[in-house]
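This report is meant for a reader who is meeting the structure for the first time. It moves from the chain as a whole to single residues.

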Amino acid sequence: VQLQASGGGLVQAGDSLRLSCAASGLTFSIYVMAWFRQAPGKDREFVAAIGYSGRSTNYADSVKGRFTISRDAPKNTVYLQMNSLKPEDTAVYYCAASRKFAAVSYEYVYWGQGTLVTVSS
């Protein structure tokens with residue numbers, strides 16, 4: 001199983017970025033997909049999750065209304081559209097896969113390598 005995250009970069013506050021995570025080696029349609037992030041010196045935290053069909057989503061309060069998670073089944077890819085970025089969004093962002101619709105990292109069995117997002121003020 002491989003989860004390949006991409007799309008990170010250096011942006012200014014207020015800008016937008018779209019992260020992508022391409023999955024291979026698993027049956028994409030039966031996995032909940034999620035994004036987590038880890039800022040320097042902090043624990044990894046939940047950002048957003050999307051259910052098998054894409055109809056169910058869940059967001060951390062800190063990103064609700066600014067971030068949108070989506071998935072493209074034919075491409076085996078999950079996205080995170082991030083708008084109105086803030087310096088506190090600076091972190092390494094990880095995509096992950098689970099058989100449960102969860103917001104805790106220990107429920108996720110497969111993880112990508114992470115992509116760095118840096119938001120300058």
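## The chain as a whole

Among contacts in the chain (heavy atoms within 4.5 Å) between residues at least 6 apart in sequence, 58% join residues at least 24 apart. The model is a predicted one, in which local features need pLDDT of at least 70 and side-chain atom pairs count only at pLDDT 80 or more, while totals for chains, interfaces and linings use all residues. Residues are numbered from 1 along each chain as its sequence is written, and side-chain values use heavy atoms, with hydrogens and water left out.

The chain has 11 strands and 0 helices, where strands (E, at least two residues) and helices (H or I, at least four) are DSSP runs numbered from the N terminus. Along its principal axes the C-alpha trace spans about 40 × 25 × 25 Å. The radius of gyration, taken over C-alpha atoms, is compared with a globule rule of 2.2 Å times the number of residues to the power 0.38; for 121 residues a compact globule would have a value near 14 Å, and the 13 Å of the chain agrees with this. Of the 121 residues, 43% count as buried, a term that means under 20% relative accessible area, whereas exposed means over 50% and partly exposed lies in between (1.4 Å probe, protein chains only).

## The core and the disulfide

In soluble globular proteins, nonpolar side chains tend to be buried together. A nonpolar core is here a set of buried Ala, Val, Leu, Ile, Met, Phe, Trp, Tyr and Cys residues joined through side-chain atoms within 4.5 Å. The largest such core has 39 residues, and those with the most contacts inside it are Trp35, Leu80, Met82 and Tyr93. Among the elements that give two or more residues to this core are strand 1 (2-6), strand 4 (32-38), strand 5 (45-50) and strand 7 (67-72). Leaving aside neighbours within four places in sequence, Met82 is in contact with Asp15, Ser16, Leu17, Leu19, Arg66, Phe67, Tyr93 and Val117.

A disulfide is a pair of cysteine sulfur atoms within 2.5 Å, and by this rule the count comes to 1. This disulfide joins Cys21 to Cys95, with an S to S distance of 2.1 Å. The pair links distant parts of the chain, since Cys21 is in strand 3 (residues 17-24) and Cys95 is in strand 9, 74 residues apart. The torsion about the S-S bond of Cys21 and Cys95 is about 60°, so the disulfide is right-handed.

Ser20 is also found in strand 3. With neighbours within four places in sequence left aside, Ser20 is in contact with Gln4, Ala5, Ser6, Trp35, Thr77, Val78 and Tyr79.

The accessibility of several residues discussed in this report is set out below.

| Residue | Relative accessibility | Class |
|---|---|---|
| Cys21 | 0% | buried |
| Cys95 | 0% | buried |
| Asp89 | 0% | buried |
| Ser20 | 18% | buried |
| Asn76 | 23% | partly exposed |
| Ser84 | 41% | partly exposed |

Strand 11 (residues 115-120) has Thr115, Val117 and Val119 on a covered face, and Leu116, Thr118 and Ser120 on an uncovered one. Two strands pair if DSSP finds at least two bridges between them. Strand 2 (residues 9-12) pairs with strand 11 in the parallel sense over 4 bridges, and Gln12 has Ser120 as its bridge partner in strand 11. Strand 9 (residues 91-98) and strand 11 run antiparallel and are joined by 3 bridges, with Leu116 as the bridge partner of Val92.

## Residues in the loops

Asp89 lies in the loop between strand 8 (77-82) and strand 9. The side chains of Asp89 and Arg37 are joined by a polar contact of 2.9 Å, a polar contact being a pair of N or O atoms within 3.5 Å, of which, within protein, one must be able to donate a hydrogen and the other to accept it, and residues adjacent in sequence count only if both atoms are side-chain atoms. Not counting residues up to four places away in sequence, Asp89 touches Arg37, Arg66, Phe67, Ser84, Val117 and Val119.

Most residues other than glycine have a negative phi. Asn76, although not a glycine, has a positive phi of about 50°, and its place is in the loop between strand 7 and strand 8. Ser84, in the loop between strand 8 and strand 9, likewise has a positive phi, near 50°.
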